[in-house]
Amino acid sequence: MSADVVASQDDITAEIAAIAADVRPGDPARPRLDYPPYRSTALRHPKRPLLLVDPEELERRAPCFGCQDVDPVDADLTAGHSGESLGERIVVAGRVLDDSGGPVAGQLIEIWQANSSGRYRHQLDQHPAPLDPNFVGAGRCLTGPDGSYRFLTVKPGPYPWRNHHNAWRPAHIHFSVFGTAFTQRLVTQMYFPGDPLFDLDPIFQSILDPAARQLAWLSLKPVTGRTHQLRAHMAHIGHPIVGDPKYFSKENWELPGGMQNRLHLLARRIVVPHPRGGNIDVTAPLPPHMRQSWSLLGLDASRYDPIVEAPEE
């Protein structure tokens with residue numbers, strides 16, 4: 001298609017499907033930097049080798065984020081206004097970990113987002129959706145000693161963009177995570193499960209492996225000690241455990257090639273007090289079908305295992 005012709009959604013969907021059809025098992029799960037359905041990547045993706053820079057020299061010219069210290073109220077995007085922000089209240093929380101699974105404490109996290117109507121408070125956003133005078137759409141916080149962060153905000157709405165005719169972005173929140181140095185900064189987006197716009201969005205679809213868009217490796221701790229509690233809970237929140245014979249519907253979910261439709265849940269670790277003092281800490285190895293799945297998904301348990309590294313409390 002000519003670059004000066006505005007593509008339709010059908011055109012973009014066909015391009016997405018054609019690229020997905022060429023994906024082979026073992027291809028990297030990371031997003032493609034040059035992804036033609038996402039039009040601006042043609043100009044923005046790196047075309048030359050990366051350059052090594054001196055972090056100390058670069059950070060002498062690093063920007064200043066705000067004119068004041070980070071305040072706990074900065075993490076509440078609904079506060080500081082004369083009225084209530086419009087939309088569904090949500091809590092966005094998590095932890096920042098390093099490559100070895102250790103917490104990254106005291107690090108700056110910034111988020112920004114559209115309001116519940118799908119409009120940013122920015123002069124370049126002229127989408128004819130209403131602005132909310134009680135919602136700015138930006139917040140920041142420092143991670144706690146355990147790497148944790150927590151924001152109170154509203155669920156953003158989808159909005160149109162100019163990638164193609166009648167293009168709409170799924171609801172999302174932008175994240176900026178700085179790590180321990182400015183050169184480590186990561187900018188990414190957080191989505192909401194089950195969004196009907198996923199299949200139409202070229203940014204989301206630039207992650208070619210469906211499993212990489214849908215699967216997560218979790219460490220869970222049952223309150224009662226029964227694994228069925230975990231199975232029922234994960235199904236209730238819309239994320240059933242892969243291969244669960246009671247809650248996982250394979251008819252509505254395409255397993256990646258080579259992944260077996262068997263329960264991917266293991267009572268991996270147990271820590272109990274010893275009557276003579278100390279603890280008994282026992283870890284079970286992954287069964288063969290789970291090791292196979294980990295390998296297919298590119299998960300490296302030799303670098304970080306969230307079950308083994310999970311805190312005892």
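Reader: Which residues make the nonpolar surface patch?

Author: A patch joins residues with over 30% relative accessible area and no salt bridge, with nonpolar side chains (Val, Leu, Ile, Met, Phe, Trp, Tyr) linked within 5 Å. Areas come from the Shrake-Rupley method with a 1.4 Å probe, and a salt bridge is a side-chain nitrogen of Lys or Arg within 4 Å of a carboxyl oxygen of Asp or Glu. Here I270, V272, I280 and V282 make a patch of about 300 Å². This is a predicted model, where local features need pLDDT of at least 70 and side-chain atom pairs count only at pLDDT 80 or more, while totals for chains, interfaces and linings use all residues. Residues are numbered from 1 along each chain, and side-chain values use heavy atoms, without hydrogens and water.

Reader: Which strands supply the patch?

Author: Strands are DSSP runs of E, at least two residues; helices are runs of H or I, at least four. β9 (269-273) and β10 (279-283) each give at least two patch residues.

Reader: Which residues of helix α6 are buried?

Author: In α6 (227-236), L230, R231 and M234 are buried. They span an arc of only 100° around the axis, so they sit on the same side of α6; the arc uses directions from the axis to the C-beta atoms.

Reader: With which strands does β2 pair?

Author: Pairing takes at least two DSSP bridges. β2 (108-113) pairs antiparallel with β3 (138-142) over 5 bridges, and likewise with β7 (172-177) over 5 bridges.

How values were computed. Patches are made of residues with over 30% relative accessible area and no salt bridge: like charges are joined within 9 Å, nonpolar side chains (Val, Leu, Ile, Met, Phe, Trp, Tyr) within 5 Å. Buried means under 20% relative accessible area, exposed over 50%, partly exposed in between (1.4 Å probe, protein chains only).
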